[in-house]
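Dear colleague,

Please find below the structure that I am handing over to you. The notes after it set out what was found.

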Amino acid sequence: MTIASDDARQGAGHLYRAMRDSVRTMDDSLPGKFEITKEGIVHDMMAPGGPHEVTAAHVSRRLEKVMPDDLLAHNGTPDVEDEPEGIMRHPDVMVIAWTDLNVEGSIDPHTVIAAIEVVSKSNPDNDWVTKMRDYPLMGIPVYAIFDPRTGEGAVLTDIHATPDGPRYATRKDFVYGEDVTIADWTISTEALPRYEGEGAQQQ
């Protein structure tokens with residue numbers, strides 16, 4: 001039984017590394033964002049600029065105004081990778097210490113204080129469903145979601161064990177205009193942009 005299990009893990013590891021190599025090649029040549037989850041490669045055809053990028057920039061700047069100088073709310077590369085779990089994600093914003101960012105290659109998810117996602121129009125389930133599952137699997141203690149479709153969001157915390165694996169136990173919803181607390185820091189959500197032509201949608 002152990003040998004079969006080891007073989008299965010090795011096979012999964014080879015598949016993950018092949019997908020990772022493919023993603024890194026596509027990142028240089030195709031638009032959008034490529035990530036790896038339990039189901040395989042996810043392609044988010046987010047448009048550059050607009051409410052998605054403006055929201056990420058506002059959240060990053062507002063957090064950095066209230067955080068200590070040894071931390072940053074980073075909204076650039078690189079990826080956050082958990083190779084044993086077979087997951088590679090790219091948060092729109094991640095709260096991390098400067099020293100933990102200063103590494104070669106991907107970021108260790110256990111050094112990420114909070115992951116923040118701005119829901120895209122093209123693939124909202126990537127943020128509301130699969131990342132809600134993947135980030136606790138990776139050990140990221142806080143996951144915040146901003147949804148320009150609805151003007152709402154949520155902050156998920158308190159990872160706990162379930163029969164389906166680690167999950168967030170606590171969810172605090174918010175609407176744009178309210179203050180929101182992400183980890184130890186509270187910021188305003190006033191004047192965050194919305195996508196045009198979106199009606200109210202509930203999660």
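His160 is found in strand β9, which covers residues 152-160. Please keep in mind throughout that the model is a predicted one. Is His160 buried, partly exposed or exposed? Its relative accessible area is 36%. Because buried means under 20% and exposed means over 50%, His160 counts as partly exposed.

Leaving aside neighbours within four places in sequence, His160 is in contact with Gly165, Pro166, Arg167, Tyr168 and Ala169. The C-alpha atoms of His160 and Thr170 are 9.6 Å apart, and ten residues separate the two along the chain.

The strand that holds His160 has two partners. Strand β10 (residues 167-175) runs antiparallel to β9, and eight bridges join the two. In this pairing Val155 stands opposite Lys172 of β10. β9 and β10 form a hairpin with six residues between the strands, and Gly165 in this hairpin takes a positive phi near 110°. With β8, β9 also pairs in the antiparallel sense, over five bridges, and Ile145 stands opposite Ala154 of β9. These two strands form a hairpin as well, with four residues between them, and Gly151 in the turn has a positive phi of about 70°.

From β8 the pairing can be followed to β7. In what sense do β7 and β8 pair? They are parallel, and four bridges link them. Ala115 has Tyr143 of β8 as its bridge partner. Together with helix α4 (residues 124-138), β7 and β8 make a right-handed β-α-β unit. On to β6: this strand runs antiparallel to β7, with four bridges between them, and Ile96 stands opposite Val112 of β7. As for cover, six of the seven residues of β7 are buried, which leaves the strand mostly covered.

Helix α2 deserves a paragraph of its own. At 1.5 Å a residue, its 17 residues should span 24 Å; the end C-alpha atoms are 25 Å apart, so the two values agree. The buried residues in α2 are His52, Thr55, Ala56, Val59, Ser60, Arg62 and Leu63. What covers these buried residues? The cover includes β3, β6, β7, β8 and β12.

Finally, some figures for the whole protein. There are four helices and twelve strands. The chain has 203 residues, and 46% of them count as buried. Among contacts between residues at least 6 apart in sequence, 58% join residues at least 24 apart. The accessible surface comes to about 10200 Å², and 52% of that belongs to carbon and sulfur atoms.

Yours sincerely

Terms used
Residues numbered from 1 in each chain as written. Predicted model: local features only at pLDDT ≥ 70, side-chain atom pairs only at ≥ 80, totals over all residues. Heavy atoms only, no water. Buried < 20%, exposed > 50% of the residue type's maximum accessible area, 1.4 Å probe, protein only. Contact = heavy atoms within 4.5 Å. Areas by Shrake-Rupley, 256 points an atom, 1.4 Å probe, with all protein chains shown as cover. Expected span 1.5 Å × (residues − 1). Pairing = 2+ DSSP bridges. Right-handed = clockwise from strand over helix to strand, strands pointing away.
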